[in-house]
Amino acid sequence: MDFKSILRTILKIFLPLFFGGLLLWFLYREMDVSEIWRVIKEGVRYDIIGISLLFGLAANIVRGFRWGLLISSLGERFKMSNVIYAVLGNYAVNLVLPRVGEVWRCGMITKYDKISFTKLLGTLLIDRVSDTIMVGLITLCIFIFNINFFTSFFAKNPALLEGFQSMFNSIWIYVAVIIFLAGIWFVFTYMSNFTLVQKAKAMLHNVWEGMKSIWLMEHKVRFLIETFLIWGGYFCYFYITFYAFDFTRNLGISVGLIAFTMSSIGVAVPVQGGIGPWHFMVIATLVCFGVNESDAAAFALVVHTVQTIWTGICGLFGVVALPLTNRELKTATAV
């Protein structure tokens, strides 16, 4: 590996982590550390948080079954255990390299089940688009029925709204999109004889074949049910932790749903485990509903830390289980 590759890897790991850490420092720099520490030591029912972890694991296992539905629609044979382990490992990889876990899990199924990587990438895109649609629908419903909360939230955090508006007000965004699309059209229209372009076309064709899996899938209803189970599991994973703290126990399920939605938006930021953005969204939401800032900060710190460690442990199990279970299969075949 040359110096440029090493530098690129270091930047991929430490640049997002630095950004998240900086935001975390900004959030906690003026808070009462002694009060936060008191809550962490004396004000948390860690047994309740432990129960919540089971829902997070269950949701990720169901995610594996759902991805298996998409892969099976390609007409390929595979081990379902490989798919589940790859999904679990996906999250462990993302804790080190944001968004690389998705590529890694496709690579693992290609390696052990001999399925086209680009077709798997197409199914993964459907997997992620489904999640984006779910988060969008949940956010839309929350926005419609809790307009007062969002008005208050953006009033207290005007920089978020200003940054969003400025992005779409800039003409350069539209110029860049037009140039990019024109460039793609030119390359595929007038440079189609180039080997690299032909390979790109073949890759896109395989990706499209993978994306068509949702239309070819026999069990569409099961796909929808598993999607709701995944997000129901994630919600329980988050909301059950409300009962571990005195100051969130009585906030109610609607506040829990709002906080969960805001935390999901925070996780979308490409930072390891959502460190920083997740804390900001959760703290800001709880404060809007009258929770003391130090208490909200303690909640975010405890819940995120415990759940991130759990995600890492389950993910490492998946990473280790993949080669071990497939080695046993090879040994059995050889005998």
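User: Where is Lys114 found?

Analyst: Lys114 lies in the loop between H5 and helix H6 (117-145), helices being DSSP H or I runs of at least four residues. This is a predicted model, with local features needing pLDDT of at least 70 and side-chain atom pairs pLDDT 80 or more, while totals for chains, interfaces and linings use all residues. Numbering starts from 1 along each chain as its sequence is written, and side-chain values use heavy atoms, without hydrogens or water.

User: Why does Lys114 count as exposed?

Analyst: Its relative accessibility is 67%, and exposed means over 50% (buried is under 20%, partly exposed in between; 1.4 Å probe, protein chains only), so Lys114 counts as exposed. Lys114 also has a positive phi, near 55°, despite not being glycine.

User: What makes H4 roughly antiparallel to H5?

Analyst: The axes of H4 (residues 80-96) and H5 (residues 100-113) cross at roughly 150° and come within 8 Å. Roughly antiparallel means over 145 degrees (under 35 is roughly parallel, 65 to 115 roughly perpendicular, the rest oblique), so H4 gets that label against H5.

User: How do you know that the length of H14 agrees with its residue count?

Analyst: The rule is 1.5 Å times one less than the number of residues, so the 12 residues of H14 (residues 277-288) should span 16 Å, and the end C-alpha atoms sit 17 Å apart, which agrees.

User: What makes H14 mostly covered?

Analyst: In H14, 11 of 12 residues are buried, among them Trp278, Phe280 and Cys288. After H14 comes Gly290, with a positive phi near 90°.

Definitions and conventions: Axes are lines fitted to C-alpha atoms, for helices over the stretch in contact, and angles run from 0 to 180 degrees between N-to-C directions. Helices (H or I, at least four residues) and strands (E, at least two) are DSSP runs, numbered from the N terminus.
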